[in-house]
Structure formats: structure tokens, C-alpha cells
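Morning, everyone. Have a look at the chain on the screen, and I will walk you through it.

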Amino acid sequence: MPADPRSRKTLQRRLDIARAAAAVFRRKGYASATTEDIAGALGMTKGSLYYYFRDKSDILFFCQNYSLDRLLSEAARIRRSGAPPAARLRDLVRAQMALMLDELAGTAAHIQTDALDRARWRKLILKRDRYEREVRAIVADGVKRRVFRSTDPATAARAILGAVNWTITWFRPKGRRTSEEVAADFAELFVDGLRARR
């Protein structure tokens with residue numbers, strides 16, 4: 001039976017496993033990765049891995065569910081800040097990319113929802129929709145204040161999220177540029193692209 005996920009120590013170990021799984025998923029693809037691969041990356045036995053997760057799909061769900069909870073928490077913090085729309089959009093893009101590329105090691109599992117059962121898939125989709133609404137709200141506020149050009153907030157939000165989510169397929173942690181540099185560039189590109197022309 002998996003360990004109690006409410007324990008702080010257990011949560012930390014589950015995050016360690018998720019990061020290792022993320023690297024394996026990225027290298028081999030979710031379908032080809034095995035629990036043996038993940039356990040081996042951590043220097044632990046498959047039996048020890050099962051103490052924390054039931055199977056590979058359980059790890060996948062944890063990666064996505066944890067990511068979405070963190071994104072929603074960051075979105076709420078940024079919303080409460082009362083900063084102007086451009087600053088909020090920059091902060092949100094940077095926060096999302098830091099989570100995806102650093103905290104969970106750029107897991108391609110972020111987009112592998114088809115590997116989950118319908119109940120879990122539905123739970124994640126509801127959270128994704130909530131997060132998308134946060135991005136839309138920033139864009140809509142910017143349009144309303146006339147700091148962003150007139151545009152459809154839903155289309156703009158999906159373009160932003162599509163571009164940000166895709167970074168997990170090409171970003172390399174040991175590449176020429178850091179995740180912070182890439183995130184800063186993305187944030188400026190989106191803000192500049194939306195900015196109202198005077």
C-alpha cells in the first residue's frame with residue numbers, strides 16, 4: 001500500500017520520484033518508460049517505488065496534479081498582488097516555466113493526459129480550465145485598461161499556454177540558455193505582442 005501522501009517527508013520523497021520520472025519520461029517517452037527505469041534512476045528497488053506510488057500512471061497523475069495545484073496557487077498569489085496586467089502576465093509566465101522546467105524537470109508528462117483513466121483525466125482538465133481562466137482574466141483586464149490591444153482573451157491565453165507548454169519538448173537544462181533567461185524572453189514576447197500601440 002502506498003505511503004500516506006500527507007506526510008511532509010513522504011511528499012518530499014514523492015517529489016524526488018516525480019523529478020526522476022520526469023527525466024525518464026523525457027528521455028524515453030512515457031509509453032516506453034518503465035517503473036524499473038524510474039527506480040533505477042533513483043538507485044532504489046521497484047518495490048521501494050511502490051511504497052510511494054501504485055504504478056507509472058500514479059506517478060504521471062501526481063506530476064500533473066501537483067503542477068496544476070502549484071500553478072493555481074501562483075495564479076492566486078499574482079491575482080491578489082494588484083499589479084498591472086503586464087506585470088501579472090510576466091510573473092505568471094515566469095512562475096509556470098520555473099515550475100515546469102526546474103521544479104519538475106521539464107516533464108513531458110505534463111501533456112500526456114491520454115494515458116490516465118477518465119476520472120483522473122477529468123480532474124486534471126477541470127484544474128487546467130481554471131488555470132486557463134486565470135490567464136484569460138489577465139489578458140481581459142489588460143484589454144479593458146487599454147494596455148493590451150483589442151483581442152480575444154481566450155485565443156491569446158491559449159496561444160500563450162501552448163507556447164509555454166511546448167518548451168518542455170525542446171528546452172535542455174544543460175543547454176546554452178538557462179530556464180530563467182528563456183522564461184524572461186517568453187514573458188516579454190507575450191507582453192510586447194499584446195501591448196496596445198499608441
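Is Thr 167 buried or exposed? Thr 167 is buried: its relative accessible area is 0%. The cut-off for buried is under 20%, so 0% qualifies.

Before going further, a word on what this is. The model is predicted. The protein chain has an average pLDDT of 87. Of its residues, 92% score at least 70. Confidence is lowest in helix H1, residues 8–28, with a mean of 85. Confidence is highest in helix H6, residues 118–144, at 94.

Back to the threonine. Thr 167 sits in helix H7, which covers residues 153–170. What does the side chain of Thr 167 reach? The side chain reaches the backbone oxygen of Val 164, at 2.6 Å. Now set aside the neighbours within four places in sequence. Thr 167 is then in contact with Met 97, Met 100, Leu 101 and Phe 186. One more distance here. Thr 167 and Ala 183 are 16 residues apart along the chain, and their C-alpha atoms are separated by 9.6 Å.

Let me zoom out to the fold. How many helices and how many strands does the protein chain have? The count is 8 helices and 0 strands. Read from the N terminus, the order is α-α-α-α-α-α-α-α. Along the principal axes, the C-alpha trace spans about 60 × 35 × 30 Å.

Buried residues make up 46% of the 198. Take the contacts with a separation of 6 or more. Of these, 71% are between residues 24 or more positions apart. The accessible surface is about 10600 Å², and carbon and sulfur atoms hold 52% of that.

Now a backbone detail. Which loop holds Arg 146? Arg 146 lies in the loop between H6 and H7. Phi of Arg 146 is near 65 degrees, a positive value in a residue that is not glycine. Arg 146 is exposed, with a relative accessible area of 63%. The cut-off for exposed is over 50%, so 63% clears it.

On to charges. Side chains of opposite charge can pair when their charged atoms come close. How many salt bridges does a search of the whole structure find? The search finds 17.

Pair one: Lys 28 with Asp 37. The closest N and O atoms are 2.9 Å apart. Lys 28 is partly exposed, at 38% relative accessible area. Asp 37 also counts as partly exposed, at 22%.

Pair two: Glu 36 with Lys 46. The closest N and O atoms are 2.9 Å apart. Why does this pair tie together parts that are 10 residues apart in sequence? Because Glu 36 lies in helix H2, residues 35–42, and Lys 46 lies in helix H3, residues 46–49. Glu 36 counts as partly exposed, at 43% relative accessibility. Lys 46 is partly exposed, at 32%.

The closest N and O atoms are 2.6 Å apart. This pair links distant parts of the chain, with Glu 134 in helix H6 and Arg 79 in helix H4, residues 56–81. The two are 55 residues apart. Which burial class does Glu 134 fall in? Glu 134 is buried, with a relative accessible area of 16%. That is under the 20% cut-off, so the label holds.

Salt bridges that share partners join Arg 13, Asp 16 and Arg 19 into one network.

To recap: 8 helices and 0 strands, 17 salt bridges, and a buried Thr 167 in helix H7. That is my tour.

Terms used. Residues are numbered from 1 along each chain as its sequence is written. This is a predicted model: local features need pLDDT of at least 70, side-chain atom pairs count only at pLDDT 80 or more; totals for chains, interfaces and linings use all residues. Side-chain values use heavy atoms; hydrogens and water are left out. pLDDT is the predictor's confidence in each residue, from 0 to 100. Helices (H or I, at least four residues) and strands (E, at least two) are DSSP runs, numbered from the N terminus. Buried means under 20% relative accessible area, exposed over 50%, partly exposed in between (1.4 Å probe, protein chains only). A polar contact is a pair of N or O atoms within 3.5 Å; within protein, one must be able to donate a hydrogen and the other to accept it, and residues adjacent in sequence count only if both atoms are side-chain atoms. Contact means heavy atoms within 4.5 Å. Accessible areas come from the Shrake-Rupley method with a 1.4 Å probe; for residues, only the protein chains shown count as cover. A salt bridge is a side-chain nitrogen of Lys or Arg within 4 Å of a carboxyl oxygen of Asp or Glu.
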